[in-house]
Amino acid sequence: MKQTGIGVIGCGMISGIYLKNLTRVFQNTRVVACAALHPERAQARAAEFDVTRACSVDELMRDPEVDIVLNLTVPNAHASVSLAALEAGKHVYLEKPL
């Protein structure tokens, strides 16, 4: 079974529970990359959860291994990040409405 590639954008507090579940509970997903406005946050989360890549948002959007963008950004960035992901041909998951 092919694993679904997940790209996480937004590496604040809530990202920890998502990354824990995606890397330890769900066997059919693989977190491909983490991205954040503050690169050090993406690097820290990637290291904490054994994600192979921390990158910029643009790099994550261009990554062919990313099937779904998990948008964990602050509410005022949700629309722009989600629309960019959709324009890049990605599926999007977020908890807040556009």
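**A tour of the pockets, a helix and the cysteines**

Start with the largest pocket: its lining has 11 nonpolar, four polar and one charged residues. (Nonpolar covers Ala, Val, Leu, Ile, Met, Phe, Trp, Tyr, Cys and Pro; charged covers Asp, Glu, Lys and Arg; the others, Gly among them, are polar.) The model is predicted: local features need pLDDT of at least 70, side-chain atom pairs count only at pLDDT 80 or more, and totals for chains, interfaces and linings use all residues. Residues are numbered from 1 along each chain as its sequence is written, and side-chain values use heavy atoms, without hydrogens and water.

The largest pocket holds about 300 Å³ of space. Select Gly-10, Cys-11, Leu-37, Thr-73 and Val-74, the closest to its centre of the 16 lining residues.

Next, helix H2, residues 39–48. (Helices are DSSP runs of H or I, at least four residues; strands are runs of E, at least two; both are numbered from the N terminus.) Select its buried residues, Ala-42, Arg-45 and Ala-46. (Buried means under 20% relative accessible area, exposed over 50%, partly exposed in between, with a 1.4 Å probe and protein chains only.) Look down the axis: these buried residues fall within an arc of 100°, so they line one face of H2. (The arc is that of the directions from the helix axis to the C-beta atoms.) Just after H2, find Asp-50, with a positive phi of about 55°.

Last, the cysteines. Select Cys-34, which is buried at 0% relative accessible area. Its sulfur is 4.5 Å from the closest cysteine sulfur, in Cys-11, too far for a bond. A disulfide needs a pair of cysteine sulfur atoms within 2.5 Å, and the count is zero.

Methods. 1 Å grid on protein atoms, 1.4 Å probe; cavity = no way out; pocket = protein on both sides within 12 Å on 5 of 7 lines; lining within 4 Å. Points joined across faces, edges and corners; volume = space filled by probe spheres on them.
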